[in-house]
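Reader: I would like to learn how to read a protein model, one feature at a time. Could you take me through it slowly?

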Amino acid sequence: MLSQLYIKNYTLLDRLDMEFHPGFSVITGETGAGKSIILGAIGLLLGQRADSKDIKAGCEKCLIEAHFDISRYALESFFQENDIEYDATDCIIRRELTASKSRAFINDTPVPLSLLKELGEQLVDVHSQHQNLLLNKQDFQLSVLDVMSANLKTQSYATAYSEYQTARQQLKELEESIARNRDNADFLQFQYNELCNARLVAGEQEELEQRQDTMSHAEDIKAALYETDNALSAEGTGIVGQLKSAIHALNSIEKVLPSAAELSERMDSCHIELKDMAQDISSLLEDVDFDPAELDSVNNRLDTLYSLEKKYHCDSVEALLAQQEQLKQQLSNIENSDEALATLTARVTELKAVCQQQADKLTAQRSKAARIVEQQMLQRLVPLGMPNIRFEVRMEKTELGHSGQDKVSFLFSANTSTPLQPVSQVASGGEIARVMLALKAMISGTVKLPTIIFDEIDTGVSGKIAESMAHMMQEMGQGGRQVISITHLPQIAALGSSHYLVYKEETPQGTASRMQQLDADQRVREIAQMLSGNNITEAAINNAKELLSGLRPK
């Protein structure tokens with residue numbers, strides 16, 4: 001529920017700070033006084049795009065802020081999911097406009113316009129002539145039936161339909177894959193044979209590259225090993241032989257120099273290690289040999305691997321082996337495609353049957369709701385100046401879709417001689433407005449609607465019809481709900497529990513729009529002026545008092 005609206009420097013409004021109340025409220029004022037400006041400001045709070053021209057001339061910044069009591073809307077999850085502080089009794093939405101940017105806030109948290117719009121749609125419903133176009137849309141007419149259907153199991157159907165659609169998509173993809181694979185079967189087989197004939201072995205590329213590198217530097221390796229072997233084992237000058245002589249020398253003096261024994265043992269350990277190393281190097285020297293034929297063989301094998309990797313866009317033998325396995329699986333799928341296709345086709349048929357059962361349940365419930373809607377719409381439209389009204393909800397079967405299998409049309413005839421046709425095609429603008437009012441009044445008794453603002457829904461009506469519309473809007477505003485009507489009719493204005501006047505005022509800074517809540521005496525004069533014009537007569541005053549005393553809600 002909208003509890004307060006604050007506007008600063010928006011078009012002709014320099015400042016507005018107004019409290020709003022539950023129930024049925026009315027806003028009146030002469031044409032051009034600024035009622036549309038207030039609606040425009042509210043539209044910005046609901047996520048509409050802003051224009052720098054909206055800023056009042058001569059000002060740098062525009063501010064629009066609204067406070068809402070959202071304790072009845074069960075919106076905690078919205079705030080939690082978007083990491084916004086939740087305050088059930090005072091939710092603050094704000095827009096700030098400058099010449100270069102627009103910013104939006106929910107409870108002082110900056111948010112994108114999409115999020116502001118998502119929340120705004122749950123808080124305020126501005127009903128204008130544009131919204132009457134909803135009667136052209138199938139999903140709106142279907143949603144009315146769903147709202148009026150008690151305990152409608154839409155989630156069960158949605159789950160079944162989702163599973164059915166997923167299976168259908170999988171079947172489609174399988175059919176397309178089989179068709180492609182069958183067209184390419186010979187090519188796939190050729191690729192698979194090519195990789196198989198290569199006799200790939202994981203890790204062989206790294207091993208071959210190492211062998212290639214070793215054989216390419218065989219002379220350098222052999223020279224280094226020969227030099228090392230000569231340093232260790234050469235007769236008379238080799239390190240191993242000289243170390244052996246040094247050990248014998250130490251052993252000869254260990255009786256007269258005890259510490260020589262320890263040194264001898266240490267040298268002996270080194271001698272053993274060096275002797276082993278000398279033998280290993282000698283063996284390596286014998287093994288290292290340059291064989292041009294073997295190098296050619298290694299190079300040819302690596303060329304084969306590199307060529308396959310380039311051809312199949314792989315970077316290793318392991319990736320080629322994975323490609324080989326994938327080709328094998330594709331060929332296997334082709335061989336077993338009929339079986340897989342039959343299995344998935346049976347799955348789709350089974351899920352469609354489940355989906356159809358759920359859709360039939362929706363249709364049955366909607367059919368019952370359709371009769372209720374027809375009855376209630378007749379009851380509500382007859383007092384709105386349509387004594388010969390006929391209203392029918394026609395349901396037709398369609399293909400299974402996201403909402404079931406039902407196509408819904410609201411058929412309408414205001415005269416006994418006119419055949420029933422879709423309401424959007426035959427009803428006048430005033431009739432469509434009354435149909436929408438009746439629909440919303442009907443729905444308001446079933447679900448928690450947000451604050452509803454009717455923008456001159458009474459256009460083209462007067463007298464008793466206007467009075468009936470006022471009673472209907474008053475009914476919608478009961479039970480803690482909030483309905484605000486912008487009106488030019490005194491019959492409607494007199495029924496509001498709160499009355500606001502929008503007017504223009506000349507100031508030293510230029511023309512400015514103003515808004516005020518009227519007290520009892522001010523309401524009498526405003527309604528009298530609506531009855532008789534600027535020349536307020538005593539009769540108009542008395543008529544206004546009669547309207548207020550007779551129609552004001554008790």
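Reader: Let me begin with Ile27: is Ile27 buried or exposed?

Author: Keep in mind that this is a predicted model. A residue counts as buried when its relative accessible area is under 20%, and because Ile27 has a relative accessible area of 7%, Ile27 is buried. Ile27 lies in strand β3, which covers residues 23-28.

Reader: Which residues is Ile27 in contact with, leaving aside its neighbours within four places in sequence?

Author: With those neighbours left aside, the contacts of Ile27 are Lys35, Ile484, Ser485, Ile486, Thr487, Tyr500, Val502 and Met515. As for distance in space, Ile27 and Tyr161 are 134 residues apart in sequence, and their C-alpha atoms are 46 Å apart.

Reader: How should I read the sheet to which β3 belongs, and in which order do its six strands come?

Author: The general idea is that strands of a sheet pair through backbone hydrogen bonds, either parallel or antiparallel. In this case the order is β8-β12-β13-β3-β14-β15, in an open sheet with mixed pairing. The strands β8 (124-127) and β15 (510-517) stand at the edges with a single partner strand each, so one side of each is left without a neighbour in the sheet. From one strand to the next, the twist averages 20°.

Reader: How many bridges join β3 to β13?

Author: Strand β3 and strand β13 (residues 482-486) run parallel and are joined by five bridges; within this pair, Ser25 has Ile484 in β13 as its bridge partner. Helix α1 (residues 35-45) packs on the sheet, where it touches β3, β8, β12 (451-455), β13, β14 (498-507) and β15, and the direction of α1 makes about 145° with that of β12.

Reader: What follows α1, and where does Gly47 lie?

Author: Gly47 lies in the loop between α1 and β4 (61-68), and with 12% relative accessibility Gly47 counts as buried. Leaving aside neighbours within four places in sequence, Gly47 is in contact with Arg95, Leu113, Leu116 and Lys117. Gly47 and Lys117 are 70 residues apart along the chain, yet their C-alpha atoms are separated by 4.3 Å.

Reader: How does Ser297 read by comparison, and in which helix does Ser297 lie?

Author: Ser297 lies in helix α11, residues 292-311. With a relative accessible area of 45%, Ser297 is partly exposed. From Ser297 to Leu208 there are 89 residues in sequence, and the C-alpha to C-alpha distance is 9.9 Å.

Reader: Let me return to strands: how do β1 and β2 run, parallel or antiparallel?

Author: Strand β1 (residues 2-10) and strand β2 (residues 13-19) run antiparallel, with six bridges joining them. One of the pairings to look for is that of Ile7, whose bridge partner in β2 is Leu16. The hairpin of β1 and β2 has two residues between the strands, and in this hairpin Thr11 takes a positive phi near 45°.

Reader: Which strands form the sheet that includes β9, and which of them stand at the edges?

Author: This open sheet has three strands in the order β9-β10-β11, with antiparallel pairing. The edges are held by β9 (390-401) and β11 (421-422), each with a single partner strand, so one side of each is left without a neighbour in the sheet. Nine bridges pair β9 with strand β10 (residues 404-413) in the antiparallel sense, and Glu392 has Leu411 in β10 as its bridge partner. Helix α4 (residues 138-148) lies across β9 and β10, running at about 95° to β10.

Reader: Now for pairs of helices: at what angle do the axes of α15 and α16 cross?

Author: The axes of helix α15 (residues 429-444) and helix α16 (residues 463-476) cross at roughly 30° and come within 9 Å. Angles under 35 degrees count as roughly parallel, and α15 and α16 are therefore roughly parallel to each other. The crossing in which α15 passes α16 is left-handed. The residues of this contact divide into eight nonpolar, one polar and two charged.

Reader: What is the angle for α6 and α12?

Author: Helix α6 (residues 185-197) and helix α12 (residues 317-335) pack at an angle of about 140°, and their axes are 9 Å apart. Here too the crossing is left-handed, as α6 passes α12. The contact of α6 with α12 is made of nine nonpolar, five polar and one charged residues.

Notes. Residues numbered from 1 in each chain as written. Predicted model: local features only at pLDDT ≥ 70, side-chain atom pairs only at ≥ 80, totals over all residues. Heavy atoms only, no water. Axes fitted to C-alpha atoms, helices over the stretch in contact; angles between N-to-C directions. Helix = DSSP H or I, 4+ residues; strand = E, 2+ residues; numbered from the N terminus. Parallel < 35°, antiparallel > 145°, perpendicular 65-115°, else oblique. Left-handed = near helix turned anticlockwise from the far one by under 90°. Nonpolar A, V, L, I, M, F, W, Y, C, P; charged D, E, K, R; others polar. Pairing = 2+ DSSP bridges. Contact = heavy atoms within 4.5 Å. Buried < 20%, exposed > 50% of the residue type's maximum accessible area, 1.4 Å probe, protein only.
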